[in-house]
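User: I am new to this structure. Please take me through it in a few questions.

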Amino acid sequence: MRLDTIVPKNLICLSDIREYEKEVYQDKADFVIEKKKDSDEFEKFKNVLKYYTLIFDFFEEEILVSDNTGKILFINQKSADVMGIDPEDYIGENINDLVDRKIFNPSATLNVLKERKRVDLLIRLKSGEQRLASAVPIFDQDGEMELIICTSKNVLEIVKLEEKLERRNKKISEQSEQINQLQREIMAQNNFISVSGEMKDVVNKVNKLAHFDVTLLVTGETGVGKGVLARTIHQISDRRNKPFIKVNCGLIPENLLDSELFGYEGGAFTGADAKGKVGKFELADGGTLFLDEIGEMPMSLQVKLLDFIQDKEFTRVGGTKKQVVDTRIVAATNRDLIKMVEKGSFRKDLLFRLNTVNIEIPPLRNRVEDIPELVEHFINKFNTKYMMKKRIMAETVQELLVYDWPGNIRELEHVIERMMLMSDGNYLTSEDFRINAASRTKGHAEAGRVFCTGIMPYKEAKRELERQLILKAYEKYRSTYKAAESLGINQSTVSKLLKKYSE
Ligand SMILES: Nc1ncnc2c1ncn2[C@@H]1O[C@H](COP(=O)(O)OP(=O)(O)OP(=O)(O)O)[C@@H](O)[C@H]1O
């Protein structure tokens, strides 16, 4: 409700309102009624006046309104209390009188009268207390100054608030420094190397996202570090003291994956434990479930996973009761899930759910600045492991920088290990690299030959050949389907053998 719609038109300034109010309270209603005969309007006005007086008196801020000559029109209760005066004694007086009586000094209102613009200044009250006064001029339609509204507040309170704010900001920055420190320590503990700008961007993204309970999808070629990153995310997150459970969806045969992930009730199927079994989702309750090679997950389980992401509940195999767990999902893949959706082998709705936030780790060839530090890290690691004291020639590092690294960091790690084991001297040379680099071994594989270098029991040799073939194919493709295709066998055989030889 606007005041000017209620207040009779001839009562336009606050001094008139105050007068009007006086008339009301002094029972001189005749005068008012004579001014405006409509008694309904008068009643409405009386109420509005009452409300506005109440509202202004309720304000914590001190308010003093004067006209364009400095004549005081209105003083709210808080202002009167602070100045130690009775408003009635001063309504109609000039601001100068208050200044002369040293009720306060200087006056922001008097400054506005001179400057015709907003004035903020520190004033001192008779009590010696300081206040911050802000006075603003109000102009009419013709640009004439009509009113000056002056508000003032306790400086001490402002200072106290500022100090409080400063203390809080300091605490926040200390806390965020502690978080940064923790993040740096975790990265260091995990030997997570990120020298390049590309990897620094990844680390920044992880640091921002780790604390939010959002499902994450980590993508990148094989061996770029998706697994290490998933563990790092868990350790940075507030779930760090709860379990981190990893499941490689490509390593577990399709028919077992459901019960592995979601568990089963006693006697759910032939051969099942009579007591039932808790699945990985439950084991990871409160923590993180890392679903590696998510692209290998069968369609039937994709639906179940999608339901879980949406509702945080699932049913064990052979059960009917809904299990509710607080498990965060971090998934990873080196496959192109968009293409898989197009081909119909991955659910579009699941991809959308997983892809809410995607962290893409670039291949090593696109962030060669990381190579020298990674090389140093792996040399130290294998020196400790094999009790060696080997180092690398600068020119060898140069060669490592220009190599393509199709198997990324995992390949680099294996090449360094091979070089260290096979080299004769204490310095790894370019020759060592050329002999042990993956491109060399690739040559043999492409030739499709297997050499026997000695005699051993037939069964043992067959088993060893099978083990090497399966692990090599999987290491190269990181997909049981692709590995199966390259070996000319079916995917379930690859899954079964991988499980057998990975244990
Ligand atoms: N930033 C890094 N700093 C140090 N070591 C790393 C880094 N990233 C990866 N590694 C190392 O490289 C190897 C491969 O990493 P990881 O298994 O996480 O790769 P991945 O992308 O999950 O591979 P895949 O797709 O084949 O499962 C591991 O030994 C890991 O410790």
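The questions below cover the ligand shell, the sheet and a pair of helices.

User: Which domains give at least three residues each to the shell around the ligand?

Analyst: The model is predicted. Of the 20 residues around the ligand, those that come nearest are Ile 193, Gly 225, Lys 226, Gly 227 and Ile 409. The elements giving two or more residues to this shell are α11 (226–236), α17 (371–385) and α19 (408–422). At least three residues come from each of domain 2 (190–362) and domain 3 (365–502).

User: How many residues of the shell around the ligand are charged?

Analyst: By class, the shell has six nonpolar and nine polar residues. The charged residues in the shell number five.

User: What is the bridge partner of Leu 132 in β6?

Analyst: Strands β5 (residues 130–139) and β6 (residues 145–154) are antiparallel and pair over nine bridges. In β6, Leu 132 has as its bridge partner Lys 153.

User: How is α23 oriented to α24?

Analyst: The axes of α23 (residues 480–487) and α24 (residues 491–502) come within 8 Å and cross at roughly 105 degrees. Angles of 65 to 115 degrees count as roughly perpendicular. Therefore α23 is, relative to α24, roughly perpendicular.

Technical notes: Residues numbered from 1 in each chain as written. Predicted model: local features only at pLDDT ≥ 70, side-chain atom pairs only at ≥ 80, totals over all residues. Near = placed C-beta within 6 Å. Helix = DSSP H or I, 4+ residues; strand = E, 2+ residues; numbered from the N terminus. Nonpolar A, V, L, I, M, F, W, Y, C, P; charged D, E, K, R; others polar. Domains from an automatic or database assignment. Pairing = 2+ DSSP bridges. Axes fitted to C-alpha atoms, helices over the stretch in contact; angles between N-to-C directions. Parallel < 35°, antiparallel > 145°, perpendicular 65-115°, else oblique.
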